[in-house]
Amino acid sequence: MTKATDFIPQAYRNNVTEKGSFQWSAPSNIALVKYWGKKENQIPANPSISFTLNNCKTITKLEFELKDNPSENYSFDLFLEGKPKEDFKPKMQKFFERVEVYLPFLKDFHFTISTENTFPHSSGIASSASGMGAMAVNLMSIEKLFNPEMTDDYFWQKASFLARLGSGSACRSIKGSVVVWGENDSIENSSDLYGVEFPEIVHSNFQKYQDTILLVDKGEKVVSSTVGHELMHNHPFAQNRFQQAHENLARMKQILVEGNLDKFVELVESEALTLHAMMMTSMPYFILMKPNTLEIINKIWKFRQQSGLQVCFTLDAGANVHVLYPNKNKEEVLQFIKNELIVYCQNQQYICDEIGNGALQLK
Ligand code: DP6
């Protein structure tokens with residue numbers, strides 16, 4: 001059983017080069033069983049499982065240079081698509097503070113962080129999972145310079161551990177196509193500290209599973225995820241919800257192994273609506289769905305009934321709809337999306353994605 005303290009390195013034996021750079025991409029992910037509610041230090045209140053995406057990713061280049069005068073402050077510049085991005089800095093500062101004990105070299109360097117997303121920014125797609133994921137693997141590349149003997153297992157596990165400290169769901173954006181985060185009885189070696197690859201063979205029905213993301217609303221959310229998680233403290237249904245997530249995770253495990261798409265559809269939609277039900281029953285209560293979110297859901301239900309195809313939706317903490325469907329039905333479903341759903345999207349925007357594999361180092 002790995003503990004948080006296992007990620008505090010011994011004094012480094014290597015003297016690292018004075019400067020250098022790494023570049024990694026990390027994808028977004030979409031939860032099937034949702035993480036909603038957390039304890040201190042980014043420990044999830046319940047386990048979750050997600051599909052890693054392939055096309056929606058953040059690409060981050062991390063340049064590092066030994067400071068002339070080591071100081072007590074973190075030193076970094078941050079660029080989004082080539083332009084200085086001051087408003088991202090507090091989040092990065094907080095991330096550095098949280099991971100400092102695990103990466104004792106942070107204050108020795110000046111960092112230049114240059115980041116870009118493959119999806120339109122301000123699309124309402126959370127870039128925190130892919131963004132923190134990409135930062136975490138870059139930082140692990142630097143740590144590997146200090147400690148070249150580090151095993152691959154340690155590299156990936158600690159990358160996910162660090163990503164979690166940036167944003168919970170980011171720990172599921174590091175490695176694997178199906179990732180489980182949060183200790184539970186169904187998945188051996190599952191942990192609250194990092195994501196693990198789903199250990200069973202996933203049924204071929206889920207191969208190249210499609211996720212078309214309908215951009216319903218690109219505006220600022222009325223309530224951030226961080227605040228939403230907070231509201232699960234003292235929530236009247238919290239304990240039942242956390243219990244249910246454990247049960248749903250066990251169910252999802254079986255579904256993914258057996259390839260039962262009818263059960264998949266039912267469980268995924270139920271999880272999405274439960275997540276939003278938690279928001280609506282928080283105090284203060286809030287609604288992140290928009291009228292067009294509901295229009296789309298109803299159209300999907302009608303289409304599913306008429307076509308018999310196993311298309312379903314899921315939602316994250318926002319108004320956008322993820323339409324999930326088997327690769328073999330891609331053409332028909334895309335046609336349906338174009339004909340009937342994109343009218344509900346802002347500027348008719350949508351993004352075609354599918355299951356991917358995780359973070360990738362770029363040359
Ligand atoms: C609804 O990971 O964005 O997408 O840990 O506060 O950064 P923080 O929250 P975040 O929460 C995501 C919640 C969700 C469900 C999920 O991805 O499991």
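In which loop is the place of Pro284?

**View 1. The cis peptide bond at Pro284 in the predicted model.** Pro284 has its place in the loop between helix 6, which spans residues 261-280, and helix 7, which spans residues 291-307. The peptide bond that leads from Met283 to Pro284 is cis, and its omega is near 0°.

**View 2. The backbone at Asn41.** In the loop between strand 2 (38-39) and strand 3 (43-44) lies Asn41, whose phi is near 60°, a positive value in a residue other than glycine.

**View 3. The shell around the ligand.** The ligand is surrounded by 16 residues, of which Tyr35, Lys38, Ser167, Ser169 and Arg172 are the closest. Divided by class, this shell holds five nonpolar, seven polar and four charged residues. The element that gives the most to the shell is helix 4, residues 225-230, with three residues. Because domain 1 (4-201) and domain 2 (208-354) both give residues to the shell, the ligand lies between these two domains.

**View 4. Polar side-chain atoms and the oxygen atoms of the ligand.** For Ser169, a polar side-chain atom lies 2.7 Å from an oxygen atom of the ligand, and Ser169 is also one of the closest residues in the shell. For His229, the distance between a polar side-chain atom and an oxygen atom of the ligand is 3.0 Å, while for Gln42 an N or O atom in the side chain is 3.4 Å from an oxygen atom of the ligand. On its own, the ligand has 460 Å² of accessible area, and the protein covers 92% of this area.

**View 5. The second largest pocket and its lining.** The volume of the second largest pocket is about 350 Å³. Its lining is made up of 15 residues, and those closest to the centre of the pocket are Gln157, Tyr194, Gly195, Val196 and Glu197. Two or more residues of the lining come from each of helix 3 (152-166) and strand 9 (195-197), and helix 3 gives the most, with four residues. In terms of residue class, the lining of the second largest pocket divides into seven nonpolar, four polar and four charged residues.

Conventions: Residues numbered from 1 in each chain as written. Predicted model: local features only at pLDDT ≥ 70, side-chain atom pairs only at ≥ 80, totals over all residues. Heavy atoms only, no water. 1 Å grid on protein atoms, 1.4 Å probe; cavity = no way out; pocket = protein on both sides within 12 Å on 5 of 7 lines; lining within 4 Å. Points joined across faces, edges and corners; volume = space filled by probe spheres on them. Nonpolar A, V, L, I, M, F, W, Y, C, P; charged D, E, K, R; others polar. Near = heavy atom within 4 Å. Polar contact = N/O pair within 3.5 Å; in protein donor to acceptor, adjacent residues only side chain to side chain. Areas by Shrake-Rupley, 256 points an atom, 1.4 Å probe, with all protein chains shown as cover. Domains from an automatic or database assignment.
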